[in-house]
Number of protein chains: 2
Amino acid sequence: MQDLLFDFISKYISLTEDEKEAMLSLDIFRTVKKGTILLKEGQKSQDVYFILKGCLRKYYIINGEEKTTAFFTEMESLTPHCVINNAPSEYFISCEENTILTVGNPNRNVEIFTKSPKFDLMCRILSEETLAKHQINFDEFKTSSPEQRYLNLLKNRPDLIQRVPQNQLASYLGIKPQSLSRLRARILEKSKA
Amino acid sequence: MQDLLFDFISKYISLTEDEKEAMLSLDIFRTVKKGTILLKEGQKSQDVYFILKGCLRKYYIINGEEKTTAFFTEMESLTPHCVINNAPSEYFISCEENTILTVGNPNRNVEIFTKSPKFDLMCRILSEETLAKHQINFDEFKTSSPEQRYLNLLKNRPDLIQRVPQNQLASYLGIKPQSLSRLRARILEKSKA
DNA sequence: TCAAATCGTTCACTTAAGTGAAGAAATGAA
DNA sequence: TTCATTTCTTCACTTAAGTGAACGATTTGA
(Lines give C-alpha, C1' and ligand atoms only; values in the text may rest on other atoms or scores of the structure.)
Protein backbone atom coordinates (compact mmCIF):
# COMPACT_ATOMS: atom_id res chain seq x y z
CA MET A 1 0.00 0.00 0.00
CA GLN A 2 2.85 2.31 0.90
CA ASP A 3 4.37 1.58 -2.47
CA LEU A 4 1.38 3.20 -4.17
CA LEU A 5 2.04 6.38 -2.23
CA PHE A 6 5.78 6.42 -2.82
CA ASP A 7 5.35 5.63 -6.51
CA PHE A 8 3.04 8.59 -6.78
CA ILE A 9 5.41 10.91 -4.92
CA SER A 10 8.36 9.74 -7.01
CA LYS A 11 6.73 11.29 -10.06
CA TYR A 12 7.36 14.70 -8.51
CA ILE A 13 10.32 14.45 -6.13
CA SER A 14 12.77 11.75 -5.06
CA LEU A 15 12.79 10.64 -1.45
CA THR A 16 15.64 9.10 0.53
CA GLU A 17 14.97 5.99 2.58
CA ASP A 18 15.23 8.10 5.71
CA GLU A 19 12.54 10.41 4.48
CA LYS A 20 10.29 7.50 3.67
CA GLU A 21 10.85 6.12 7.15
CA ALA A 22 10.01 9.49 8.65
CA MET A 23 6.76 9.64 6.71
CA LEU A 24 5.74 6.15 7.68
CA SER A 25 6.46 6.93 11.33
CA LEU A 26 3.66 9.48 11.17
CA ASP A 27 1.16 6.67 10.84
CA ILE A 28 -0.88 8.36 8.14
CA PHE A 29 -2.58 5.37 6.54
CA ARG A 30 -6.23 4.78 7.29
CA THR A 31 -8.93 2.45 6.08
CA VAL A 32 -12.38 4.01 6.06
CA LYS A 33 -15.65 2.10 5.75
CA LYS A 34 -18.23 2.84 3.09
CA GLY A 35 -20.81 5.23 4.46
CA THR A 36 -18.46 7.05 6.82
CA ILE A 37 -18.81 10.82 6.78
CA LEU A 38 -15.33 12.30 7.01
CA LEU A 39 -16.39 15.93 7.14
CA LYS A 40 -19.72 17.51 8.01
CA GLU A 41 -21.12 20.92 7.24
CA GLY A 42 -20.18 23.31 10.03
CA GLN A 43 -17.11 21.32 11.12
CA LYS A 44 -13.61 22.78 11.22
CA SER A 45 -11.31 19.97 10.21
CA GLN A 46 -7.58 20.17 9.50
CA ASP A 47 -7.35 16.86 7.67
CA VAL A 48 -6.29 16.56 4.06
CA TYR A 49 -6.65 13.27 2.19
CA PHE A 50 -4.87 11.34 -0.49
CA ILE A 51 -6.74 8.34 -1.83
CA LEU A 52 -4.90 5.10 -2.48
CA LYS A 53 -7.98 3.00 -3.17
CA GLY A 54 -11.67 3.82 -3.08
CA CYS A 55 -13.91 6.82 -3.59
CA LEU A 56 -14.87 9.95 -1.68
CA ARG A 57 -17.72 12.33 -2.50
CA LYS A 58 -18.16 16.02 -1.81
CA TYR A 59 -21.72 17.29 -1.45
CA TYR A 60 -23.74 20.20 -0.17
CA ILE A 61 -27.16 20.01 1.41
CA ILE A 62 -29.24 22.82 -0.07
CA ASN A 63 -32.92 23.05 0.86
CA GLY A 64 -32.70 19.54 2.26
CA GLU A 65 -31.33 18.18 -1.00
CA GLU A 66 -27.93 16.63 -1.57
CA LYS A 67 -25.96 18.37 -4.31
CA THR A 68 -22.88 16.39 -5.31
CA THR A 69 -20.13 18.54 -6.81
CA ALA A 70 -17.14 16.19 -6.92
CA PHE A 71 -15.90 12.64 -6.68
CA PHE A 72 -12.35 11.74 -5.67
CA THR A 73 -10.80 8.41 -6.57
CA GLU A 74 -7.44 6.64 -6.74
CA MET A 75 -4.34 8.87 -6.75
CA GLU A 76 -6.32 12.04 -6.17
CA SER A 77 -5.91 14.38 -3.22
CA LEU A 78 -8.56 16.37 -1.41
CA THR A 79 -7.91 19.50 0.61
CA PRO A 80 -11.21 20.71 2.02
CA HIS A 81 -11.77 24.43 1.81
CA CYS A 82 -12.15 24.71 5.58
CA VAL A 83 -8.52 23.62 5.98
CA ILE A 84 -7.38 26.57 3.92
CA ASN A 85 -9.51 29.33 5.38
CA ASN A 86 -9.99 27.78 8.83
CA ALA A 87 -13.74 28.41 8.69
CA PRO A 88 -16.60 25.94 9.22
CA SER A 89 -17.07 23.66 6.23
CA GLU A 90 -19.91 24.41 3.86
CA TYR A 91 -20.09 20.87 2.61
CA PHE A 92 -19.84 17.18 3.46
CA ILE A 93 -17.24 14.60 2.49
CA SER A 94 -18.47 11.03 2.53
CA CYS A 95 -16.86 7.72 1.81
CA GLU A 96 -18.67 5.88 -1.00
CA GLU A 97 -16.62 2.68 -0.97
CA ASN A 98 -14.38 1.00 1.57
CA THR A 99 -11.40 3.26 1.08
CA ILE A 100 -7.70 3.30 1.88
CA LEU A 101 -6.24 6.78 2.20
CA THR A 102 -3.60 8.83 3.91
CA VAL A 103 -4.62 11.56 6.32
CA GLY A 104 -2.37 14.58 6.58
CA ASN A 105 -2.60 17.39 9.02
CA PRO A 106 -0.62 20.47 7.99
CA ASN A 107 -0.34 21.73 11.56
CA ARG A 108 0.64 18.55 13.31
CA ASN A 109 3.14 17.48 10.70
CA VAL A 110 4.92 20.77 10.28
CA GLU A 111 8.27 19.16 11.14
CA ILE A 112 8.28 16.86 8.18
CA PHE A 113 6.17 18.46 5.52
CA THR A 114 6.63 22.18 5.83
CA LYS A 115 10.27 22.04 6.83
CA SER A 116 11.32 20.31 3.66
CA PRO A 117 11.66 22.37 0.49
CA LYS A 118 11.10 19.13 -1.43
CA PHE A 119 7.56 18.69 -0.16
CA ASP A 120 7.01 22.35 -0.60
CA LEU A 121 7.89 21.99 -4.26
CA MET A 122 5.62 18.98 -4.71
CA CYS A 123 2.71 20.74 -3.05
CA ARG A 124 3.17 23.68 -5.35
CA ILE A 125 3.27 21.57 -8.48
CA LEU A 126 0.24 19.60 -7.32
CA SER A 127 -1.67 22.76 -6.53
CA GLU A 128 -0.91 24.19 -9.96
CA GLU A 129 -1.91 20.93 -11.65
CA THR A 130 -5.13 20.86 -9.68
CA LEU A 131 -5.93 24.45 -10.58
CA ALA A 132 -5.32 23.75 -14.27
CA LYS A 133 -7.51 20.62 -14.22
CA HIS A 134 -10.23 22.50 -12.39
CA GLN A 135 -10.32 25.30 -14.89
CA ILE A 136 -10.64 22.88 -17.78
CA ASN A 137 -13.32 20.93 -15.95
CA PHE A 138 -15.23 24.07 -15.13
CA ASP A 139 -15.10 25.32 -18.71
CA GLU A 140 -16.21 21.93 -19.99
CA PHE A 141 -19.12 21.87 -17.59
CA LYS A 142 -20.21 25.40 -18.43
CA THR A 143 -20.04 24.93 -22.17
CA SER A 144 -22.03 21.70 -22.39
CA SER A 145 -25.54 20.40 -21.87
CA PRO A 146 -26.41 17.66 -19.35
CA GLU A 147 -26.41 15.12 -22.19
CA GLN A 148 -22.99 16.22 -23.41
CA ARG A 149 -21.71 16.19 -19.84
CA TYR A 150 -22.86 12.59 -19.47
CA LEU A 151 -21.15 11.62 -22.71
CA ASN A 152 -17.97 13.39 -21.58
CA LEU A 153 -18.06 11.50 -18.31
CA LEU A 154 -18.55 8.26 -20.20
CA LYS A 155 -15.37 9.06 -22.13
CA ASN A 156 -13.19 10.58 -19.39
CA ARG A 157 -14.17 8.71 -16.23
CA PRO A 158 -16.14 5.65 -17.30
CA ASP A 159 -15.39 3.95 -13.98
CA LEU A 160 -17.45 6.56 -12.11
CA ILE A 161 -20.60 5.59 -13.99
CA GLN A 162 -20.15 2.03 -12.81
CA ARG A 163 -19.14 2.59 -9.23
CA VAL A 164 -21.42 5.47 -8.23
CA PRO A 165 -25.24 5.35 -7.69
CA GLN A 166 -27.30 7.01 -10.43
CA ASN A 167 -28.86 9.60 -8.13
CA GLN A 168 -25.44 10.89 -7.06
CA LEU A 169 -24.29 10.86 -10.66
CA ALA A 170 -27.37 12.86 -11.70
CA SER A 171 -26.70 15.47 -9.05
CA TYR A 172 -23.07 15.62 -10.20
CA LEU A 173 -24.30 16.30 -13.76
CA GLY A 174 -26.58 19.04 -12.46
CA ILE A 175 -29.90 17.25 -13.05
CA LYS A 176 -32.46 15.04 -11.26
CA PRO A 177 -32.25 11.22 -11.29
CA GLN A 178 -35.40 11.01 -13.45
CA SER A 179 -33.78 13.24 -16.04
CA LEU A 180 -30.66 11.10 -16.09
CA SER A 181 -32.81 8.01 -16.69
CA ARG A 182 -34.55 9.74 -19.61
CA LEU A 183 -31.30 11.08 -20.99
CA ARG A 184 -29.73 7.63 -20.99
CA ALA A 185 -32.78 6.15 -22.68
CA ARG A 186 -32.54 8.93 -25.28
CA ILE A 187 -28.88 8.18 -25.97
CA LEU A 188 -29.59 4.46 -26.23
CA GLU A 189 -32.41 5.21 -28.66
CA LYS A 190 -30.12 7.32 -30.83
CA SER A 191 -27.35 4.73 -30.90
CA LYS A 192 -29.86 2.12 -32.09
CA ALA A 193 -31.22 4.28 -34.92
CA MET B 1 -0.96 53.57 -12.25
CA GLN B 2 2.11 51.90 -10.80
CA ASP B 3 0.79 52.65 -7.35
CA LEU B 4 -2.20 50.41 -8.00
CA LEU B 5 0.17 47.54 -8.74
CA PHE B 6 2.46 48.15 -5.77
CA ASP B 7 -0.48 48.59 -3.41
CA PHE B 8 -1.79 45.23 -4.55
CA ILE B 9 1.60 43.53 -4.13
CA SER B 10 2.08 45.08 -0.71
CA LYS B 11 -0.86 43.05 0.54
CA TYR B 12 1.27 39.93 0.11
CA ILE B 13 4.95 40.89 0.32
CA SER B 14 6.92 44.07 0.98
CA LEU B 15 9.16 45.41 -1.75
CA THR B 16 12.24 47.58 -1.40
CA GLU B 17 12.56 50.66 -3.58
CA ASP B 18 15.27 48.87 -5.54
CA GLU B 19 12.94 46.01 -6.28
CA LYS B 20 10.25 48.38 -7.42
CA GLU B 21 12.74 50.10 -9.71
CA ALA B 22 13.77 46.74 -11.12
CA MET B 23 10.17 45.85 -11.87
CA LEU B 24 9.46 49.16 -13.53
CA SER B 25 12.58 48.78 -15.66
CA LEU B 26 10.94 45.73 -17.23
CA ASP B 27 8.41 48.02 -18.88
CA ILE B 28 5.46 45.77 -18.17
CA PHE B 29 2.59 48.29 -18.36
CA ARG B 30 0.36 48.22 -21.43
CA THR B 31 -2.81 49.93 -22.54
CA VAL B 32 -5.00 47.75 -24.72
CA LYS B 33 -7.90 48.98 -26.83
CA LYS B 34 -11.41 47.57 -26.55
CA GLY B 35 -11.87 44.86 -29.14
CA THR B 36 -8.27 43.67 -29.15
CA ILE B 37 -7.85 39.92 -29.07
CA LEU B 38 -4.93 39.14 -26.78
CA LEU B 39 -4.92 35.38 -27.33
CA LYS B 40 -6.43 33.28 -30.09
CA GLU B 41 -7.32 29.61 -30.21
CA GLY B 42 -4.31 27.66 -31.45
CA GLN B 43 -1.75 30.24 -30.35
CA LYS B 44 1.08 29.50 -27.95
CA SER B 45 1.54 32.61 -25.88
CA GLN B 46 3.74 33.04 -22.81
CA ASP B 47 2.07 36.20 -21.55
CA VAL B 48 0.33 36.44 -18.21
CA TYR B 49 -1.79 39.46 -17.32
CA PHE B 50 -2.68 41.50 -14.30
CA ILE B 51 -5.49 43.99 -14.81
CA LEU B 52 -5.20 47.46 -13.32
CA LYS B 53 -8.27 48.89 -15.03
CA GLY B 54 -10.69 47.42 -17.56
CA CYS B 55 -12.08 44.02 -18.46
CA LEU B 56 -10.88 40.90 -20.27
CA ARG B 57 -13.03 37.98 -21.40
CA LYS B 58 -12.20 34.32 -21.92
CA TYR B 59 -14.28 32.45 -24.47
CA TYR B 60 -14.32 29.30 -26.58
CA ILE B 61 -15.73 28.96 -30.06
CA ILE B 62 -17.71 25.72 -30.16
CA ASN B 63 -19.67 24.88 -33.31
CA GLY B 64 -19.22 28.46 -34.46
CA GLU B 65 -20.69 29.80 -31.23
CA GLU B 66 -18.92 31.92 -28.63
CA LYS B 67 -19.05 30.38 -25.17
CA THR B 68 -17.88 32.83 -22.50
CA THR B 69 -16.52 31.12 -19.39
CA ALA B 70 -14.89 33.97 -17.47
CA PHE B 71 -14.49 37.71 -17.07
CA PHE B 72 -11.45 39.33 -15.51
CA THR B 73 -11.57 42.84 -14.06
CA GLU B 74 -9.59 45.18 -11.79
CA MET B 75 -6.96 43.57 -9.53
CA GLU B 76 -7.41 40.13 -11.06
CA SER B 77 -4.71 38.13 -12.77
CA LEU B 78 -5.00 35.80 -15.72
CA THR B 79 -2.60 33.00 -16.53
CA PRO B 80 -3.78 31.30 -19.74
CA HIS B 81 -3.64 27.54 -19.68
CA CYS B 82 -1.32 27.47 -22.69
CA VAL B 83 1.35 29.24 -20.62
CA ILE B 84 1.31 26.41 -18.11
CA ASN B 85 1.30 23.41 -20.43
CA ASN B 86 2.99 25.09 -23.39
CA ALA B 87 0.33 23.76 -25.77
CA PRO B 88 -1.82 25.68 -28.27
CA SER B 89 -4.58 27.61 -26.54
CA GLU B 90 -8.10 26.17 -26.65
CA TYR B 91 -9.73 29.54 -26.12
CA PHE B 92 -9.66 33.25 -26.86
CA ILE B 93 -8.91 36.20 -24.58
CA SER B 94 -10.44 39.46 -25.71
CA CYS B 95 -10.37 42.97 -24.35
CA GLU B 96 -13.92 44.21 -23.65
CA GLU B 97 -13.01 47.73 -22.51
CA ASN B 98 -10.02 49.98 -23.01
CA THR B 99 -7.80 48.30 -20.46
CA ILE B 100 -4.61 49.01 -18.55
CA LEU B 101 -2.70 45.92 -17.54
CA THR B 102 0.73 44.50 -16.87
CA VAL B 103 2.13 41.82 -19.11
CA GLY B 104 4.47 39.31 -17.55
CA ASN B 105 6.48 36.65 -19.28
CA PRO B 106 7.76 33.93 -16.96
CA ASN B 107 10.59 33.01 -19.31
CA ARG B 108 11.90 36.44 -20.17
CA ASN B 109 11.73 37.77 -16.64
CA VAL B 110 13.31 34.86 -14.86
CA GLU B 111 16.00 37.15 -13.39
CA ILE B 112 13.58 39.20 -11.37
CA PHE B 113 10.61 37.02 -10.71
CA THR B 114 11.86 33.51 -10.30
CA LYS B 115 15.10 34.42 -8.58
CA SER B 116 13.34 36.08 -5.68
CA PRO B 117 11.81 33.87 -3.01
CA LYS B 118 9.52 36.78 -2.22
CA PHE B 119 7.79 36.62 -5.57
CA ASP B 120 7.74 32.90 -5.33
CA LEU B 121 5.84 33.18 -2.09
CA MET B 122 3.38 35.66 -3.53
CA CYS B 123 2.74 33.51 -6.59
CA ARG B 124 2.05 30.56 -4.36
CA ILE B 125 -0.39 32.42 -2.16
CA LEU B 126 -2.13 33.86 -5.21
CA SER B 127 -2.36 30.46 -6.85
CA GLU B 128 -3.87 28.96 -3.71
CA GLU B 129 -6.33 31.82 -3.40
CA THR B 130 -7.32 31.44 -7.02
CA LEU B 131 -7.84 27.70 -6.63
CA ALA B 132 -10.01 28.23 -3.55
CA LYS B 133 -12.12 30.89 -5.29
CA HIS B 134 -12.48 28.67 -8.34
CA GLN B 135 -13.72 25.70 -6.36
CA ILE B 136 -16.36 27.82 -4.63
CA ASN B 137 -17.39 29.36 -7.93
CA PHE B 138 -17.64 25.97 -9.57
CA ASP B 139 -19.71 24.53 -6.76
CA GLU B 140 -21.99 27.55 -6.81
CA PHE B 141 -22.47 27.23 -10.55
CA LYS B 142 -23.18 23.51 -10.38
CA THR B 143 -25.66 23.75 -7.55
CA SER B 144 -27.81 26.54 -8.95
CA SER B 145 -30.24 27.20 -11.81
CA PRO B 146 -29.66 29.89 -14.45
CA GLU B 147 -32.03 32.19 -12.56
CA GLN B 148 -30.21 31.66 -9.28
CA ARG B 149 -26.89 32.19 -11.04
CA TYR B 150 -28.12 35.52 -12.38
CA LEU B 151 -29.27 36.58 -8.90
CA ASN B 152 -25.92 35.52 -7.45
CA LEU B 153 -24.11 37.58 -10.06
CA LEU B 154 -26.34 40.53 -9.25
CA LYS B 155 -25.24 40.21 -5.63
CA ASN B 156 -21.56 39.33 -6.05
CA ARG B 157 -20.45 41.18 -9.19
CA PRO B 158 -23.15 43.75 -9.96
CA ASP B 159 -20.67 45.78 -12.02
CA LEU B 160 -20.40 42.97 -14.58
CA ILE B 161 -24.10 43.18 -15.41
CA GLN B 162 -23.65 46.85 -16.23
CA ARG B 163 -20.40 46.74 -18.15
CA VAL B 164 -20.83 43.58 -20.21
CA PRO B 165 -23.23 43.00 -23.16
CA GLN B 166 -26.22 40.78 -22.43
CA ASN B 167 -25.31 38.13 -24.97
CA GLN B 168 -21.90 37.59 -23.35
CA LEU B 169 -23.52 37.57 -19.94
CA ALA B 170 -26.05 34.97 -21.10
CA SER B 171 -23.28 32.73 -22.39
CA TYR B 172 -21.44 33.17 -19.08
CA LEU B 173 -24.61 32.02 -17.24
CA GLY B 174 -24.84 29.00 -19.53
CA ILE B 175 -27.94 30.07 -21.47
CA LYS B 176 -28.97 31.90 -24.68
CA PRO B 177 -29.55 35.67 -24.79
CA GLN B 178 -33.27 35.13 -25.37
CA SER B 179 -33.49 33.06 -22.19
CA LEU B 180 -31.69 35.75 -20.22
CA SER B 181 -34.21 38.33 -21.45
CA ARG B 182 -37.09 36.11 -20.38
CA LEU B 183 -35.47 35.31 -17.06
CA ARG B 184 -34.97 38.98 -16.26
CA ALA B 185 -38.57 39.74 -17.20
CA ARG B 186 -39.65 36.89 -14.92
CA ILE B 187 -37.65 38.27 -11.98
CA LEU B 188 -39.03 41.76 -12.57
CA GLU B 189 -42.54 40.34 -12.63
CA LYS B 190 -41.97 38.53 -9.33
CA SER B 191 -40.55 41.60 -7.60
CA LYS B 192 -43.61 43.58 -8.62
CA ALA B 193 -46.09 41.05 -7.31
C1' DT C 1 -35.17 -14.77 6.21
C1' DC C 2 -38.39 -11.32 5.70
C1' DA C 3 -39.92 -6.58 6.13
C1' DA C 4 -38.43 -1.94 5.35
C1' DA C 5 -35.93 1.24 3.02
C1' DT C 6 -33.51 2.71 -0.93
C1' DC C 7 -32.89 2.96 -5.77
C1' DG C 8 -33.83 3.11 -10.72
C1' DT C 9 -37.18 3.62 -14.12
C1' DT C 10 -41.44 5.10 -16.23
C1' DC C 11 -45.51 8.12 -16.77
C1' DA C 12 -48.24 12.38 -17.13
C1' DC C 13 -47.99 16.99 -16.43
C1' DT C 14 -45.57 21.60 -15.61
C1' DT C 15 -41.96 24.78 -16.25
C1' DA C 16 -38.07 26.68 -18.35
C1' DA C 17 -34.59 26.74 -21.90
C1' DG C 18 -33.54 26.24 -27.16
C1' DT C 19 -34.75 27.82 -31.86
C1' DG C 20 -35.88 30.77 -35.62
C1' DA C 21 -37.82 34.97 -36.90
C1' DA C 22 -39.00 39.76 -36.55
C1' DG C 23 -38.71 44.28 -35.05
C1' DA C 24 -37.12 48.01 -31.86
C1' DA C 25 -33.13 50.13 -29.72
C1' DA C 26 -28.43 51.20 -29.33
C1' DT C 27 -23.93 51.58 -31.28
C1' DG C 28 -20.40 52.77 -34.53
C1' DA C 29 -18.29 54.30 -38.65
C1' DA C 30 -18.26 57.06 -42.82
C1' DT D 1 -25.73 63.19 -39.12
C1' DT D 2 -26.95 59.16 -41.33
C1' DC D 3 -26.80 54.53 -42.57
C1' DA D 4 -25.39 49.91 -41.43
C1' DT D 5 -24.48 46.78 -37.93
C1' DT D 6 -25.02 44.86 -33.71
C1' DT D 7 -27.69 44.10 -29.67
C1' DC D 8 -31.83 43.36 -27.04
C1' DT D 9 -36.40 41.97 -26.61
C1' DT D 10 -40.59 39.64 -27.90
C1' DC D 11 -43.23 35.92 -30.01
C1' DA D 12 -44.64 31.17 -31.30
C1' DC D 13 -43.15 26.75 -31.28
C1' DT D 14 -40.03 22.73 -29.88
C1' DT D 15 -37.30 20.25 -26.74
C1' DA D 16 -35.63 18.94 -22.40
C1' DA D 17 -35.54 19.27 -17.47
C1' DG D 18 -38.47 19.55 -12.98
C1' DT D 19 -42.23 17.47 -10.22
C1' DG D 20 -45.06 14.09 -8.04
C1' DA D 21 -46.51 9.56 -8.18
C1' DA D 22 -46.30 4.68 -8.98
C1' DC D 23 -43.98 0.32 -9.42
C1' DG D 24 -40.61 -3.25 -9.50
C1' DA D 25 -35.83 -4.43 -8.20
C1' DT D 26 -32.27 -4.27 -5.13
C1' DT D 27 -30.14 -3.64 -0.81
C1' DT D 28 -30.09 -3.51 4.18
C1' DG D 29 -30.59 -4.78 8.65
C1' DA D 30 -33.34 -6.61 12.44
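**Figure 1. Salt bridges between chain B and chain A.** In this predicted model, four salt bridges cross the interface of chain B and chain A. A salt bridge here is a side-chain nitrogen of Lys or Arg within 4 Å of a carboxyl oxygen of Asp or Glu. One of them joins Lys58(A) to Asp139(B), with 2.8 Å between the closest N and O atoms. Residues are numbered from 1 along each chain as its sequence is written, while chains are lettered from A and ligands numbered from 1 in the order in which they are written. Local features need pLDDT of at least 70, side-chain atom pairs count only at pLDDT 80 or more, and totals for chains, interfaces and linings use all residues, with side-chain values taken from heavy atoms and with hydrogens and water left out.

**Figure 2. The area buried between chain B and chain A.** The size of an interface is often given as the accessible area lost when the parts come together. Chain B and chain A bury about 2,700 Å² between them, and 62% of this is on carbon and sulfur atoms. Buried area is the accessible area (1.4 Å probe) that two parts lose on being put together, summed over both. In chain B, the residues that lose the most area to chain A are Phe138(B), Lys142(B) and Thr143(B), together 23% of what that side buries. The contact (heavy atoms within 4.5 Å) involves 23 residues from chain A and 24 residues from chain B.

**Figure 3. The side of chain B that touches chain A.** Three elements of chain B each supply at least two residues of this side: β4 (56-62), β5 (65-72) and α5 (117-142). Helices (H or I, at least four residues) and strands (E, at least two) are DSSP runs, numbered from the N terminus. The most comes from α5(B), with 15 residues.

**Figure 4. Protein residues around DNA strand D.** Among the 14 residues around DNA strand D, those that come nearest are Ser179(A), Arg186(A), Gln166(B), Asn167(B) and Ser181(B). A residue is near a strand if one of its heavy atoms lies within 4 Å of it. The element that gives the most to this surface is α9(A), with four residues.

**Figure 5. Atoms of chain A beside DNA strand D.** A polar side-chain atom of Arg186(A) lies 2.9 Å from a phosphate oxygen of DNA strand D. Arg182(A) instead has a side-chain N or O atom 3.0 Å from a base oxygen of DNA strand D.

How values were computed: A polar contact is a pair of N or O atoms within 3.5 Å; within protein, one must be able to donate a hydrogen and the other to accept it, and residues adjacent in sequence count only if both atoms are side-chain atoms.
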